Amino acid sequence: MINNNISEVITVNMGPQHPSTHGVLRLVVDIDGETIVNVEPDVGFLHRGTEKLAENRTYHQVIPLTDRLDYLSPLSNNLAYCLAVEKFFDVKIPERAEYLRVILAEMSRVASHLVWIATHALDIGAMTVFLYAFREREDILDMFEVGTGQRMTSSWIRIGGIRADMPEDFFVRLKSFTDKFDSCVDLYENLLTNNRIWKMRTIGIGHLSAEDVQVYGTSGPLMRGSGVDFDLRRDEPYGIYDRFKWEIPVEEAGDTYARYKVRMKELRESNKILQQALEQIPATGEVMTDDPRVALPSHEDVYERMEALIRRFYIVSKGFKAPKGETYQGIEAPKGELGFYLVSEGEERPYRMKIRAPSYVNLGALNKMAAGHMLADLVAIVGTNDVVLGEIDR
Amino acid sequence: MGLIDRKLPDNVLTTTVDSVINYCRKGSIWPVTFGLACCAIEMMACGAAKYDLDRMGIIFRATPRQSDLMLVAGTVTRKMAPVVRKVYLQMPEPKWVIAIGSCATSGGIYNTYSTVQGVDEVIPVDFYVPGCPPRPEAFFDAITALQKKIMTEKVVRK
């Protein structure tokens with residue numbers, strides 16, 4: 001005779017080599033039958049020592065390291081870091097550079113969300129979305145390549161502006177991309193939003209209430225999907241985000257489906273920002289500040305003036321000194337609030353760099369989201385968390 | 001065989017067992033999905049519609065026991081190195097390894113206490129792909145180089 005009341009908790013290992021853990025995340029899962037009792041993420045499989053490396057590099061040399069944190073949206077990381085350094089100096093960024101920064105950051109957000117929808121849907125079993133989403137992502141990467149020469153880790157946003165102006169072709173491509181992108185999002189939504197399997201796998205899964213959001217400190221879509229209306233672009237504006245009109249999508253339900261809807265709307269809203277930025281951007285202008293404290297002197301200057309040559313040599317070989325003090329700058333990265341906390345001892349190198357990585361904080365809520373669900377739903381919950389191990393482990 | 005039938009009526013096609021088996025092997029390389037870091041995103045881009053690894057017979061498998069190629073795409077840390085080696089040992093022979101990107105090749109920009117300076121410290125590597133991350137074209141170059149290498153291998157007598 002079978003006694004159904006016996007319950008035995010067993011521990012299962014998931015990852016770090018697992019196709020659905022989005023990298024090298026390891027989960028130690030306690031299950032009772034098929035029900036999850038407890039999930040404990042084991043991170044650190046991609047710990048590369050970024051924060052330690054930054055202490056031995058000049059402020060400019062840190063930028064390539066930030067690219068490789070959240071490698072789905074490298075330019076957002078560049079932006080957050082550069083804004084933090086610029087706070088030391090109170091640098092005035094040229095108008096055209098400000099617009100290009102917004103354009104690059106929003107393109108990164110779209111690219112990041114496209115990878116999210118591709119992998120999230122693939123994990124749950126919808127293969128088609130992966131192929132369509134990567135098609136649009138290739139368009140964005142092609143644009144990055146036209147503008148910066150690199151597909152992903154371009155380090156294009158620099159302290160005091162951006163590295164160089166974009167060619168005309170970049171804007172032509174971006175215009176045609178923004179024109180068609182809304183219909184592409186329609187395509188993904190046609191495949192998923194009313195799909196019965198998709199709804200069964202996502203509605204009610206991984207619930208996070210507004211109180212939980214406060215307790216765990218999750219940010220980004222994990223916060224807005226739970227009915228908390230907060231977006232750093234609007235509430236603590238940086239750059240020139242106050243010049244654009246867009247809406248911040250908020251869903252009340254707090255489950256995986258709500259977060260899916262939030263991210264899908266964010267794709268459309270980012271597209272709106274891109275369209276407005278393309279209309280408003282000044283036709284010509286400098287893209288790098290002329291503030292001598294952080295910016296390299298121009299080549300013409302270097303050939304003609306001794307002081308400019310010395311200054312250039314000094315910044316390239318030794319770096320520039322930041323005033324003593326500390327700064328924090330958070331931006332609304334695709335995953336949530338990405339913050340850089342820098343401590344300066346008045347030297348050319350940061351004394352300490354602390355990265356507030358959104359994925360790391362969001363992963364903390366994983367147990368809360370997963371406990372009580374079936375083991376098969378864990379894949380959907382990790383997918384909706386949208387973690388990137390590069391920024392979790394740093 | 002219609003073409004050969006008419007032109008070469010009394011001939012026999014001769015080949016070696018080696019080249020038949022190698023031909024089959026090079027046309028159905030199944031790599032294990034082993035994305036570690038940034039390069040894995042370019043690996044996914046290779047698998048998607050624009051670059052399309054499927055046309056070379058490459059289908060990603062989720063388990064090392066069904067695969068014969070390991071693509072180490074990303075930084076290998078000291079914590080990850082034993083796992084990399086274990087996954088490699090779980091793969092059946094014949095097996096090949098491609099190290100993708102600067103990190104897997106030599107540690108790249110991460111010369112730190114926690115990073116393995118190249119995956120060849122823990123497993124043997126057949127091809128190295130430079131770049132941070134490498135372009136999909138560089139990736140394909142490694143695959144075609146691997147296919148050439150497979151064609152030269154001896155199957156019957158080692």
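**Notes on chain B and its contacts with chain A**

1. Beyond its neighbours within four places in sequence, B:Lys50 is in contact with A:Arg135 and A:Glu138 (contact: C-beta atoms, placed from the backbone, within 7 Å). The model is a predicted one, in which local features need pLDDT of at least 70 and side-chain atom pairs count only at pLDDT 80 or more, while totals for chains, interfaces and linings use all residues. Residues are numbered from 1 along each chain as its sequence is written, with chains lettered from A and ligands numbered from 1 in the order in which they are written.

2. B:Lys50 is located in the loop between H3 and strand E2 (69-73) of chain B (helices, H or I, of at least four residues and strands, E, of at least two are DSSP runs, numbered from the N terminus). B:Lys50 counts as partly exposed because it has 15 C-beta neighbours inside 10 Å (buried means 20 or more other C-beta atoms within 10 Å, exposed 12 or fewer, partly exposed in between; C-beta atoms are placed from the backbone).

3. In the interface, 27 residues of chain B are in contact with 27 residues of chain A. Helix H3 (38-47) and helix H4 (81-90) of chain B are the elements that give two or more residues to the chain B side; H3(B) gives the most, with three residues.

4. Chain B has an open sheet of four strands, ordered E1-E2-E3-E4, with parallel pairing (strands pair if DSSP finds at least two bridges between them). Five bridges join E2(B) to strand E3 (residues 96-100) of chain B, and B:Leu71 has B:Ile98 in E3(B) as its bridge partner.

Technical notes. Two residues are in contact if their C-beta atoms, placed from the backbone, lie within 7 Å.
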